[in-house]
Amino acid sequence: MNFSNKISDLEENHLLRSRRIAKSPQGTVMKIDNQDVVNFCSNDYLSLANHAKIKEALIEGVEKYGAGSGASHLVSGHSDSHKLLEEALAEFTGQESALLFSSGYSANLGIFSALRDEIKWSIQDKLNHASLIDGCRLIGLPIQRYHHNNLESLANKFKKQSGSGLVVTDNVFSMDGDRANISGISKIIDSSNTMLMQDDAHGFGVFDPIIPERSIYMATLGKAAGVMGAFVSGDKDFIEFLIQKSRPYTYTTALPPVLCHAIQMSLEMIKHGEQREKLFKNIKFFRSMASQLGLSFEQSDSAIQPLIIGSSLKALLISNRLFKEGFFVSAIRPPTVPPNSARLRFTLSADHTFEQIESLLEKVNNAMA
Ligand SMILES: Cc1ncc(COP(=O)(O)O)c(C=O)c1O
């Protein structure tokens, strides 16, 4: 248990993670480590985290509900604010019911935890989020992965399974920005003892959800929705089963109801579509400017735009240089991404301006030369 040696090892391999300190609210322009920067590494895709309407809803919600929920959902922590938001999320996703969790991480563990005695196997896309892999580990299932976004590889693995199981995929892949072929996956696994589970953390609020019948949908509320938390939606019986059997749902304090009140406003703004349109214009502008400059970004039509660098050291050096020049872009290194695929992960938000994007990409181009 020599932690100091372990930390030195990480440092030597350029894998030590550190935390920069924000002294302003989340947004496209921030003060971080005492420096003014344009922020290109937030998941606040619709620029709602510091939006005036969400803040007004929070203030109103505090007056109505106070600060904390005070207890877990199954004791005295479940309020009408939770109930109303669950109903609104079920309607928005076209499902019979929805269930709130405190975070996407706990929602994913929560689904696996409930299915412990129901499934015998789970097959996952190779690039699925860590929380989905951890969910599998939690219930002692072996990690079986198919090649990223490869339906043939999925079909090959699928035909070798027997008994009930779960096929699991991110919808928008968090470190790559590309999207799963949900309809294609659903056709392959069309059998009564297999369910599809999709994690739409980075698609919710940005793309219209595609949710095949009898499948499990999980999305987060701390990214495009700008607040915090997550929900699972699906058939009424499945959601009721989660309430009964999901340990990460049962044994934790409920989200503060004031947050649910604010998320109702996020949902209204998502439905209205204005922020989403601004985001899509920015994605289009970013991609066309990057291609004019000859920068080889990965194929992605989402808010996540990765530029693979390979070496962790080089990714870190470019990220630090951009930071000094006033642009915050995170260097993503293993184990978050596969070995030798360290990258700069650019994320776009509705409130970025074309000038900010243009100036960023010119700096990136110089740094890559
Ligand atoms: C694909 C995916 N799923 C789940 C999560 C976890 O969500 P949360 O941050 O709400 O715990 C994340 C977080 O980044 C994610 O990228």
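Student: Which residue in E13 does proline 306 stand opposite?

Tutor: Proline 306 faces arginine 345 of strand E13. This is a predicted model, in which local features need pLDDT of at least 70 and side-chain atom pairs count only at pLDDT 80 or more, while totals for chains, interfaces and linings use all residues. Residues are numbered from 1 along each chain as its sequence is written.

Student: How many bridges join E10 to E13?

Tutor: Six bridges link E10 to E13 (residues 342–347), and the two strands run antiparallel. Strands (E, at least two residues) and helices (H or I, at least four) are DSSP runs numbered from the N terminus, and two strands pair if DSSP finds at least two bridges between them.

Student: In what order do the strands of that sheet lie?

Tutor: The sheet is open and has three strands in the order E10-E13-E12, with antiparallel pairing. E10 and E12 (330–332) are the edge strands, each pairing on one side only. On average, neighbouring strands are turned by 30° against each other, direction ignored. Such angles run from 0 to 180 degrees between N-to-C directions, and axes are lines fitted to C-alpha atoms, for helices over the stretch in contact.

Student: Which helix packs on the sheet?

Tutor: Helix H13, residues 312–324, packs there and touches E10, E12 and E13. Its direction makes about 35° with that of E13. Contact requires C-beta atoms, placed from the backbone, to lie within 7 Å.

Student: New topic: what is the order of the E1, E2 and E11 sheet?

Tutor: These three strands form an open sheet in the order E1-E2-E11, and the pairing is mixed. Its edge strands are E1 (29–32) and E11 (327–328), each with pairing on one side only.

Student: Which sense does each pairing take, parallel or antiparallel?

Tutor: E1 and E2 pair in the antiparallel sense over four bridges, whereas E2 (residues 35–39) and E11 pair in the parallel sense over two bridges. Towards E11, valine 38 is opposite phenylalanine 327, and asparagine 39 has phenylalanine 328 as its bridge partner.

Student: And what about aspartate 33 in the hairpin of E1 and E2?

Tutor: Aspartate 33 takes a positive phi near 50° in that hairpin, which has two residues between the strands.

Student: At what angle do H12 and H14 pack?

Tutor: H12 and H14 (residues 354–368) pack at an angle of about 30°, and their axes are 10 Å apart. H12 contributes Asn282, Phe285, Phe286, Met289, Ala290 and Leu293 to the contact, and H14 contributes Phe354, Ile357, Glu358, Leu361 and Asn365.

Student: How do H5 and H6 cross, and which residues meet?

Tutor: The axes of H5 (residues 104–115) and H6 (residues 130–138) come within 8 Å and cross at roughly 35°. The H5 residues that meet H6 include Tyr105, Leu109 and Phe112, and among their counterparts in H6 are Leu132, Cys136 and Leu138.

Technical notes: Contact = placed C-beta atoms within 7 Å.
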